[in-house]
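Good morning, colleagues. Please bring up the sequence and the structure, and I shall take you through the spaces inside the fold, a sheet and a salt bridge.

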Amino acid sequence: MVLDVIHPAALVLLAAVLAWRLPRNVGHALGVVATASAAAISWFAPEGTHYAVDLFGTFPAVLYNVDQFSALMGLIFGFIGAMAVLYSWYSGADRVQTAFALGYVGTSFGTVFAGDWLTMIFFWELMAVTSTLLVWHYGGAAVRAGFRYALLHGIGGSLLLAAIVWQYAEVGSLLFSASTGMEGTTAQVLAAVGIGVNVGFVGLHAWLPDTYPRPHVAASVFLCVFTTKTGVYGMFRAFPEGHLWIAYMGGAMAVFGAFAALLQSDMRRLLSYHIQSQVGYMIAGVGIGTSLAVAGAFGHVFNHILYKSLLFMAVGVVIYRTGEESLDEIGGLGRTMPFTAITFTVAALSIAGFPGFNGFVSKGIVIAEAHHYEKYEALWYLLLLGGVGTFLSFIKLGYFAFVEGSYDGEVKDANVGQSVGMGLVAALCVLLGIYPAALFEILPNSHVLGWQTFESGHYEFEVFTASHLIEGVALAAAGLVGFAILRAPLHRIGTVPDVDWLYNRAGFVGTRWFVILVTELYAVVDRGAVWLADTSMTVASDPEAYVRRVPGSERALGEPGERYRPLRSGIGRSILLVTLVATVVLVAVLSG
């Protein structure tokens, strides 16, 4: 069967190479076909399909592994990849940018279809490279942001690689099937932090709002999808049975991201914080670890990719038509951009979890499962609080962009290609919200019991219960009341600094002092070596002259004394003293 032998990643990566060289229209059309085909292959390839090889004759590896989780990820990656390429085509993206984007999509496919840790880390790092190139291609402020992005993801990838090495030492195999996730505390900590960079753990998240608002609007649609969601997939592979601290980190992400977003006026920066917040719900589900919670987490992965890409498309159209990034520079656009306003509203209600939209279904599964366990009671409150912050943020964004005020100048609505992509994604957000069984059918380890009910493991979940509906409406009401109270100050708030303000400056100062210390140390060693060599040669050639040297003289053996003063500066003397002490300690440790 053809689906058994075609790796979706290979198909998309081939399209990336061709799009780079072919005329723009042909390359974009090919990209749409390739990503859509990859989605079909992902879904229809028989479960259990795999390519097993021996890497370097030593490491058994599975380059292509189809199970319920990878198939789900491949399906949504391919569909949204096709919509994003279509959007790029009609948003002015050049062929090189789209080639980089397709490379990013292809390496993401390689990551989620890996059947072992070595294959996964290989594509994981390639994903970081291709996404960095996608950011850099736009130039300007995106270059420095891309450098910071690459640096952080390099650190995260290195930590994950260290975890994989430790895993191999513990288990003796790199296959996912060889163990239940990461074995041993050290490997688990390294993996959690390394993957935590990709998913946006609180404190490791600043690359998201720093990077995603910088490149072309079409590039942001790709970026908002793949890195963080492959991170959720990787977290599940590392902790398939969950972990308490992982779950509570998800709750912290949900709250921090939502309320940090509320303080932004840059539209794409606001949306970037909400990536962290919504990924928090997924991480919470993975951390809880029950079959129902994991099903909810992956359902939220699927739904989030839909509504988050739609949000970036809608905001991207606003930026594309007006050239403005900030809410302070626009207003009242709903009157001149009705289609964009409608699709934005669908996406906003979906991400906020309002009844009748897809986010209500998947987010509700995770929240309900947290409510079932006493040890996750605090997590339940965190997830609800994150929901209030989400409603507040998107009421703010929608009101100031599409309702209040006016924009000077003639503005057109989304063009045909943009509208097709946005319309299809919006339709799915509504369909999966009013007919949840369509989502339940594709969730891992799930059995559909009815149009709004499914079973996972020993648990059943029903969507439209009275308590769940009241919860969704109550969160919306709290958001409306909060916005009514805070509307004026929220409109005056601009960009609020994040932790990157601190570590960027600490990194600059630290690096500067490191360079100074290294330079001074080199100067000390250089002068000392020259002094020792010259003195040795003088003693060897005329020892009597050296013995007759006047103590305390600034001259030695007839040469300028300045040349033989290696400890000229206080810094130099300090460095030499520290070096000598460190050497003595090292020798003592090694000899002991």
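This is a predicted model: local features need pLDDT of at least 70, side-chain atom pairs count only at pLDDT 80 or more; totals for chains, interfaces and linings use all residues.

I begin with the second largest cavity, where the lining comprises four nonpolar, three polar and one charged residues. The residues around the second largest cavity are Trp-124, Glu-125, Met-127, Ala-128, Tyr-149, His-153, Asn-198 and Thr-227. Its volume is about 40 Å³. Which elements supply at least two residues each to the lining of the second largest cavity? They are helix 6, covering 117–136, and helix 7. Helix 6 contributes the most, with four residues.

The structure holds three cavities of 30 Å³ or more. The largest cavity contains about 60 Å³ of space. Two elements give two or more residues to the lining of the largest cavity, namely helix 15 and helix 19, the latter covering 466–492. Helix 15 provides the largest share of that lining, five residues. On your display you may pick out Ala-352, Gly-353, Gly-359, Phe-360, Lys-363, Gly-364, Ile-367, His-468, Glu-471, Gly-472 and Leu-475, which line the largest cavity. By class, the lining of the largest cavity divides into four nonpolar, five polar and two charged residues.

Helix 15 also leads us to the sheet. This helix, residues 358–371, lies across strand 4 and strand 5 and runs at about 135° to strand 5.

In what order do the strands of the open sheet stand? The order is 3-4-5, three strands with antiparallel pairing. Strand 3, residues 447–450, and strand 5 are the edge strands; each has a single partner strand, so one side of each lacks a neighbour in the sheet. From one strand to the next, the twist averages 25°.

Let us take the two pairings in turn. Strand 3 and strand 4 run antiparallel and are joined by three bridges. Within this pairing, His-447 has Glu-455 in strand 4 as its bridge partner. Strand 4, residues 453–456, and strand 5, residues 459–462, are also antiparallel, and they pair over four bridges. Here Thr-453 has Glu-462 in strand 5 as its bridge partner. Strand 4 and strand 5 form a hairpin with two residues between the strands, and in this hairpin Gly-457 takes a positive phi near 65°.

The largest pocket has a volume of about 620 Å³. It is lined by 22 residues, and those nearest its centre are Arg-148, Asp-500, Tyr-503, Asn-504 and Arg-505. Two elements give two or more residues to this lining: helix 7, residues 141–171, and helix 20, residues 499–541. Which element gives the most to the lining of the largest pocket? Helix 20 does, with nine residues. The lining of the largest pocket is made up of nine nonpolar, four polar and nine charged residues.

Side chains of opposite charge can pair when their charged atoms come close. In this model, the side chains of Asp-67 and Arg-237 meet in a salt bridge, at 2.7 Å from N to O. Where in the chain do Asp-67 and Arg-237 lie? Asp-67 is in the loop between strand 2 and helix 4, residues 68–89, while Arg-237 is in helix 10. The pair links distant parts of the chain, 170 residues apart. The salt bridge count comes to four.

Thank you for your attention.

Methods:
Residues are numbered from 1 along each chain as its sequence is written. Side-chain values use heavy atoms; hydrogens and water are left out. On a 1 Å grid over the protein atoms alone, a cavity is a set of points where a 1.4 Å probe fits but cannot get out, and a pocket is an open set with protein on both sides within 12 Å along at least five of seven lines; lining residues have an atom within 4 Å of a point. Grid points are joined across faces, edges and corners, and a volume is the space filled by probe spheres set on the points. Ala, Val, Leu, Ile, Met, Phe, Trp, Tyr, Cys and Pro count as nonpolar, Asp, Glu, Lys and Arg as charged, and the others, Gly among them, as polar. Two strands pair if DSSP finds at least two bridges between them. Axes are lines fitted to C-alpha atoms, for helices over the stretch in contact, and angles run from 0 to 180 degrees between N-to-C directions. Contact means heavy atoms within 4.5 Å.
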